[in-house]
Amino acid sequence: MECINTQKWHLFRYNYSTTKKTKKEGAINEKKLELKKLLIYAKSVYHIPQKIKELTDKRARKTIPFFNLIMPVFLFLLLQYESFHTVFSSPESMRKRLKHCIRGRIPKVDAIRDALGLTDPEETEGILTATVSRIQKNAVLRGGTIGGYVTAAIDGVELFCSRKKKCGKCLTRKTASGEMEYFHKSIVCTTVGSNPHLILGQDMLDPRDGAEKDEGELTGGKRLIETLYSQHGHFADVIVADGLYLNVPFLRVVLKCHMEAVIRLKDERRLIFQDAEKLFGSGEGKKEPFYREGKKIDCWDLDGFELEGLQEKLRVVRYREKNEKTGEEKWVWLVTTSKEIDYKILWKMMHKRWDIEENAFHQLKTYYHADHCYCHEAVEVIFLLMLIAFNIREMYLYRRIHGFERSKITRKSVTRIFRDDLQAENLCWILYIEGG
Ligand SMILES: [Zn+2]
């Protein structure tokens with residue numbers, strides 16, 4: 001019955017306990033983090049400045065080198081500045097930082113916008129793909145991210161929304177009051193669980209002409225998984241997603257790519273939910289309870305459910321989390337294609353995915369300002385540069401700085417240190433390549 005390639009699957013399953021690192025290194029202090037070292041790492045391992053230099057310059061007037069416009073944008077996204085205006089239009093406070101990463105004339109914000117608008121998204125995407133390939137070659141995810149499984153999440157990220165500004169690539173929707181809203185949305189795939197968190201790819205949804213509805217999340221989600229699979233092979237063992245993705249064509253794509261889906265179930269009207277509820281109610285599938293973070297977790301776990309149109313049977317798991325102090329209860333449901341992942345590991349996957357701080361979706365919004373419109377003409381290019389910066393920063397912190405995870409240095413502090421570094425030291429010698 002099962003059409004997943006179980007043999008291949010096992011190759012990617014590792015025993016979690018044997019891959020855990022021993023905790024010997026001492027705690028680090030902030031002095032160990034240096035923007036200089038991060039940039040050297042970005043250059044020597046990922047060839048970021050080199051690749052930015054290779055981007056095609058389609059501008060008619062080339063008074064300022066293209067590199068002098070795009071490289072600083074990458075750097076300031078990495079430093080999590082909230083707008084280009086802050087960086088390029090307030091010369092007094094930013095003068096030194098700009099001088100420390102740009103050789104020659106400091107560009108005006110309009111020149112930056114023009115250049116970004118003419119940058120090819122596909123070429124920019126190529127840099128992200130190469131970065132992810134490089135990370136995979138280094139076997140960063142080999143031990144899995146949760147319970148020995150490489151766990152990735154997929155979700156839509158709304159980039160910004162406006163009622164006035166509109167471009168040819170805007171998606172549209174009507175608000176409750178009948179007003180038109182314009183927005184951009186990307187489907188993002190990121191690892192979940194252990195650090196570093198890595199963004200594996202994104203798929204920008206396209207608008208459609210006339211009466212046809214714009215592309216939906218499911219379309220983008222399917223396309224993204226297929227693209228990532230063709231680019232990187234078995235890039236994850238498990239795809240975690242919310243209830244929207246409990247959809248036969250989507251599940252088929254995941255299974256075809258030899259991965260398992262874990263879907264959070266919320267909609268109580270779904271038939272599969274009602275069927276399971278009846279069985280669980282009569283005590284079927286009851287598992288040994290377990291304890292996590294002061295909560296007792298009861299679990300019901302049954303296989304053999306059908307979804308119309310899907311050949312494979314699905315497994316439904318229900319959890320009741322009870323806070324031992326307050327007595328507060330919370331129910332969590334999921335549906336999975338997996339026959340073998342332990343119910344405690346499935347719980348952890350849910351927990352990590354929807355942990356308020358510990359996921360890339362949250363970081364992108366809160367720290368990287370992914371929902372801010374930096375430049376409407378270049379939404380995709382900027383988002384891609386942001387994702388590349390995200391990955392390199394994660395890799396530097398968690399793979400290059402021993403003990404960073406336990407140091408409890410906050411993300412805000414890291415940004416402050418890096419911004420101070422750029423204020424204090426000229427880093428052009430790293431960014432500029434011979435003859436550039
Ligand atoms: Zn737009």
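Colleague: What makes 52% of the 436 residues in the protein chain count as buried?

Modeller: Buried means under 20% relative accessible area, exposed means over 50%, and partly exposed lies in between, with a 1.4 Å probe and protein chains only; by that rule, buried residues make up 52% of the 436 in the protein chain. This is a predicted model, in which local features need pLDDT of at least 70, side-chain atom pairs count only at pLDDT 80 or more, and totals for chains, interfaces and linings use all residues. Residues are numbered from 1 along each chain as its sequence is written, and side-chain values use heavy atoms, with hydrogens and water left out.

Colleague: Why is Gln80 called buried?

Modeller: Gln80 has a relative accessible area of 5%, and the cut-off for buried is under 20%, so Gln80 is buried. Gln80 is found in the loop between helix H5 (67–78) and helix H6 (84–88), where helices are DSSP runs of H or I with at least four residues, strands are runs of E with at least two, and both are numbered from the N terminus. Although Gln80 is not a glycine, it has a positive phi of about 60 degrees.

Colleague: How do you know that the radius of gyration agrees with a compact globule?

Modeller: The radius is taken over C-alpha atoms, and the globule rule is 2.2 Å times the number of residues to the power 0.38; with 436 residues a compact globule would come near 22 Å, and the protein chain has 23 Å, which agrees.

Colleague: Which peptide bond is cis?

Modeller: The bond from Asn195 to Pro196 is cis, with omega near -5 degrees, and Pro196 lies in the loop between strand S3 (180–191) and strand S4 (199–204).
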